[in-house]
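Here's a chain to look through together. Have the viewer open, and we'll go from its ring pairs to its overall build.

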Amino acid sequence: MRGDTLDDDNLLKRALDSELPDDETTERIMGAALQQAEDFGLRRFTIDDVARRVRVSRVTIYRYFPKKDQLLNALLMRELRRFLTKVDAVIAAEPTPEDKLIEGLIFCLDFLRGHRLLTRLLRTEPELILPHLTTQAGTLIAAARAWIAGHIRDEVGAGRLALPDEDIECAAELIARTVISLVITPDTVLPLDSPAGRRRLADLYLTPIVQTLRPSE
């Protein structure tokens with residue numbers, strides 16, 4: 001995937017605003033492209049291999065995606081949209097700020113740590129993805145910070161949190177950096193893979209923090 005796409009300041013907004021494929025052929029091409037990338041990574045990714053998976057000619061694929069980068073970028077937008085749409089639904093379903101934070105974090109970690117393409121790139125082609133999650137992660141963090149801050153402001157606006165506006169983006173960035181760290185370095189003593197362990201972790205460290213930000217009765 002091209003670095004300029006991953007460094008786009010409006011990456012998350014573009015993902016949410018992007019339109020899903022509205023025809024069967026485009027969906028089949030993108031599905032095959034994802035499987036090809038999951039199985040063989042990006043360095044060996046070719047339009048010919050995708051065409052063989054879809055059982056169409058490469059000319060047909062080029063009609064939909066004139067360049068390989070355009071197909072990969074469309075795939076990135078689709079996967080980001082799928083992630084953001086699902087986590088938004090998880091957060092919306094929870095009644096309290098504590099539950100929104102805990103369930104939102106758990107979903108993000110489960111989704112990202114279980115994403116086949118992301119985990120493959122981190123394992124076999126880290127030079128393609130790690131810079132965008134570490135030394136060159138500024139724009140990605142800024143995008144994630146703005147998105148998380150939007151959820152926090154919703155809670156403040158609804159009277160469920162009392163957090164000064166100047167502190168909202170700081171809190172959002174702490175959450176974003178925590179998720180990124182746990183995704184790119186999954187080895188941890190934190191009991192993230194055990195439901196009981198995650199609940200204990202939340203009760204000890206996350207719930208008390210959110211409760212301190214609750215408005216006074």
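How many aromatic pairs does the count come to? It comes to four. Bear in mind throughout that this is a predicted model.

## The ring pairs

Let's start with Phe83 and Phe111. Their ring centres sit 5.1 Å apart with the planes at 45°, so this pair is tilted. Phe83 belongs to helix α6 (residues 68-93) and Phe111 to helix α7 (residues 97-113), so the pair ties together parts that are 28 residues apart in sequence. As for solvent, Phe83 and Phe111 are both buried.

Phe111 has another ring partner, Phe107, and that pair is tilted too: the centres are 5.7 Å apart, with 35° between the planes. Here the sequence explains the spacing, because Phe107 and Phe111 are four residues apart in helix α7, which puts about one helical turn between them. Phe107 is buried, as is Phe111. Step back a bit and you get a cluster, with ring pairs linking Phe83, Phe107, Phe111 and Trp147.

## A glycine in a loop

Now hop over to Gly41, in the loop that runs between α3 (24-40) and α4 (47-54). Is Gly41 buried or exposed? Gly41 counts as buried because its relative accessibility is 0%, and the cut-off for buried is under 20%.

What does Gly41 contact, once neighbours within four places in sequence are set aside? The partners are Gln36, Arg120 and Glu125. Arg120 is 79 residues away along the chain, yet the C-alpha atoms of Gly41 and Arg120 are separated by 6.9 Å.

## A glutamate without a salt bridge

Glu125 is worth a look of its own. Its place is in the loop between α8 (116-124) and α9 (126-133). Glu125 is buried but has no salt bridge.

Glu125 does have a polar atom in its side chain lying 2.9 Å from the backbone nitrogen of Leu42. Beyond its neighbours within four places in sequence, Glu125 is in contact with Phe40, Gly41, Leu42, Arg43 and Arg120.

In soluble globular proteins, nonpolar side chains tend to be buried together. In this model, the largest nonpolar core has 59 residues, and Val50 and Leu71 are the ones with the most contacts inside it. Helix α6 supplies the largest share of this core, at 10 residues.

Not counting residues up to four places away in sequence, Leu71 touches Ile29, Met30, Ala33, Phe45, Ile47 and Phe65.

## The whole chain

Zooming out, the secondary structure comes to 12 helices and zero strands. The C-alpha trace spans about 65 × 35 × 30 Å along its principal axes.

What share of the 217 residues of the chain counts as buried? That figure is 40%. As for how the chain meets itself, take the contacts between residues at least 6 apart in sequence: 68% of them join residues at least 24 apart.

Conventions: Residues numbered from 1 in each chain as written. Predicted model: local features only at pLDDT ≥ 70, side-chain atom pairs only at ≥ 80, totals over all residues. Heavy atoms only, no water. Helix = DSSP H or I, 4+ residues; strand = E, 2+ residues; numbered from the N terminus. Buried < 20%, exposed > 50% of the residue type's maximum accessible area, 1.4 Å probe, protein only. Contact = heavy atoms within 4.5 Å. Phe/Tyr/Trp six-rings, centres within 6.5 Å; stacked < 30°, edge-to-face > 60°. Lys, Arg positive; Asp, Glu negative; His and termini not counted. Salt bridge = Lys/Arg side-chain N within 4 Å of Asp/Glu carboxyl O. Polar contact = N/O pair within 3.5 Å; in protein donor to acceptor, adjacent residues only side chain to side chain. Core = buried A, V, L, I, M, F, W, Y, C linked by side-chain atoms within 4.5 Å.
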